[in-house]
Amino acid sequence: MFTKKLVGGTVHKMPADLAKALSTRRKARSAWESITPLARNEFICWVENAKMIDTRTRRIRRTWEELEEGKRRPCCWMGCIHRVKNGT
């Protein structure tokens with residue numbers, strides 16, 4: 001288990017359930033730390049946008065799977081709707 005706290009995105013804070021999942025996956029955690037804050041924001045927003053707990057759980061699993069596969073943004077996600085026009 002890692003002790004360093006995982007950082008969130010540009011708009012969204014790191015949710016506890018996503019942090020817990022990533023903290024147990026060395027390759028996913030390393031990938032998380034290597035992507036930009038904007039990319040982290042996209043993953044967090046994608047997870048938090050789920051309306052059902054099953055969907056959220058599936059998205060958390062897909063987040064670490066996709067990170068481990070080398071993807072740097074969520075698959076099939078149009079992007080965070082919470083970003084403002086100046087790029088934050």
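Trainee: Why is Arg72 called partly exposed?
Mentor: Its relative accessible area is 43%. Buried means under 20%, exposed means over 50%, and partly exposed lies in between (1.4 Å probe, protein chains only). So Arg72, at 43%, is partly exposed. Two ground rules. This is a predicted model, in which local features need pLDDT of at least 70, side-chain atom pairs count only at pLDDT 80 or more, and totals for chains, interfaces and linings use all residues. Residues are numbered from 1 along each chain as its sequence is written, and side-chain values use heavy atoms, without hydrogens and water.

Trainee: Where is Arg72 found, and what is it in contact with?
Mentor: Arg72 is found in the segment after α4. Helices are DSSP runs (H or I, at least four residues), numbered from the N terminus. Leaving aside neighbours within four places in sequence, Arg72 is in contact (heavy atoms within 4.5 Å) with Ser34, Ile35, Ala39 and Phe43. Arg72 and Phe43 are 29 residues apart in sequence, and their C-alpha atoms are 9.0 Å apart.

Trainee: What makes the pair Ser34 and Arg72 a polar contact?
Mentor: The backbone oxygen of Ser34 lies 2.9 Å from a polar atom of the Arg72 side chain. A polar contact needs N or O atoms within 3.5 Å, one able to donate a hydrogen and the other to accept it; residues adjacent in sequence count only if both atoms are side-chain atoms. The 2.9 Å value falls within that limit.

Trainee: Why is α3 called roughly antiparallel to α4?
Mentor: The axes of α3 (residues 37-48) and α4 (residues 53-68) come within 8 Å and cross at roughly 155 degrees. Angles run from 0 to 180 degrees between N-to-C directions, with axes fitted to C-alpha atoms over the stretch in contact. Under 35 degrees is roughly parallel, over 145 roughly antiparallel, 65 to 115 roughly perpendicular, and the rest oblique. Therefore α3 is roughly antiparallel to α4.

Trainee: Which residues of α1 are buried, and what covers them?
Mentor: Leu18, Ala19, Ala21, Leu22 and Ser23 are buried. Their cover includes α2 (26-34), α3 and α4.

Technical notes. Helices (H or I, at least four residues) and strands (E, at least two) are DSSP runs, numbered from the N terminus.
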